[in-house]
Amino acid sequence: MLISRIIPTPAHVSIPKFDEKQCIQLFHHYADTDAPDLISPEGTRQFFEDLGVSIEDSLIFAIAWRMQISIMGYITKEEWIQGMKSLQADSIEKLRERNDEFQKVLTDPEQFSKMYKYTFNYAKNKDQKCMEVETASVLWAMLLGNQYPIVQEFVTFLQERKPVKVINRDQWNSFLAFSASDLSAYDESSAWPVLFDEFVEWKHDNK
């Protein structure tokens, strides 16, 4: 083509590639000295701080989801390498350049839904099938609280009535759609979890 003849591509110009050795060196910077193949909560906190992300920011879940980290607060060496490779990032600087992508996870409905469902396994105790109510309440406030006013009411209901001790997967997954629903048209005969029926009844009784 004419343009390629006028402006030839310099032979010495190359696209930066993922450097696995550099990636592993960065992993060991955060890894636990007593467990060199694992980043513990302290190292994970430092990792997010170096990214400029507070551990109280919901962005940490977007990053964890993109890296496919399995346990909150911990990152295995395998997860680190595979996650960083998928992002083509072998440095903190390159990860920061992905910030817009991480932010989009929180605003794109399809990506957010996938991340939200992923968070159940990520945040719950690995020895249990369900999530503690206290943990779920904190996560709902972080992930949904700013967008849906009903979240705080639901958390208050759980604290006052104490209808359950844990939140199961179905309740967790369903709550995303429930929090955005119009409760004035709530139908108890629909397929919502019974816990939501109890909340709506409690809400009506407290008007």
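Predicted model: local features only at pLDDT ≥ 70, side-chain atom pairs only at ≥ 80, totals over all residues.
**Entry on the aromatic pairs.** I took F154 and F178 as one of these pairs and noted that the ring centres lie 6.4 Å apart with 65° between the planes, which is an edge-to-face arrangement. I then looked up where the two residues sit, and found F154 in helix 10 (residues 150-161) and F178 in helix 11 (residues 169-179), so that the pair, with its members 24 residues apart, links distant parts of the chain. I also checked the burial of F154 and F178, and both are buried.

For F175 I read a relative accessibility of 0%, so I recorded F175 as buried. For F178 I read a relative accessible area of 0%, and F178 is therefore buried.

**Entry on S40.** Where is S40 found? I located S40 in the loop between strand 1 (38-39) and helix 3 (41-51). I then asked myself why S40 counts as buried, and the reason is that its relative accessibility is 14%, whereas the cut-off for burial is under 20%. Setting aside the neighbours of S40 within four places in sequence, I listed D32, G73 and Y74 as the residues in contact with S40.

**Entry on the whole protein.** I counted twelve helices and four strands in the protein. I compared the radius of gyration of the protein, 22 Å, with the value near 17 Å that a compact globule of 207 residues would have. Along the principal axes, I found that the C-alpha atoms fill a box of roughly 75 × 55 × 25 Å.

I noted that 39% of the 207 residues are buried, and that the accessible surface comes to about 12400 Å², with 50% of this surface belonging to carbon and sulfur atoms. Turning to the contacts between residues at least 6 apart in sequence, I found that 64% of them join residues at least 24 apart. Lastly, I looked up the charges, 22 positive and 32 negative, and noted that their mean positions are 6 Å apart.

Technical notes: Residues numbered from 1 in each chain as written. Heavy atoms only, no water. Rg over C-alpha atoms; globule rule 2.2 N^0.38 Å. Buried < 20%, exposed > 50% of the residue type's maximum accessible area, 1.4 Å probe, protein only. Contact = heavy atoms within 4.5 Å. Areas by Shrake-Rupley, 256 points an atom, 1.4 Å probe, with all protein chains shown as cover. Lys, Arg positive; Asp, Glu negative; His and termini not counted. Charge placed at Lys NZ, Arg CZ, Asp CG, Glu CD. Phe/Tyr/Trp six-rings, centres within 6.5 Å; stacked < 30°, edge-to-face > 60°.
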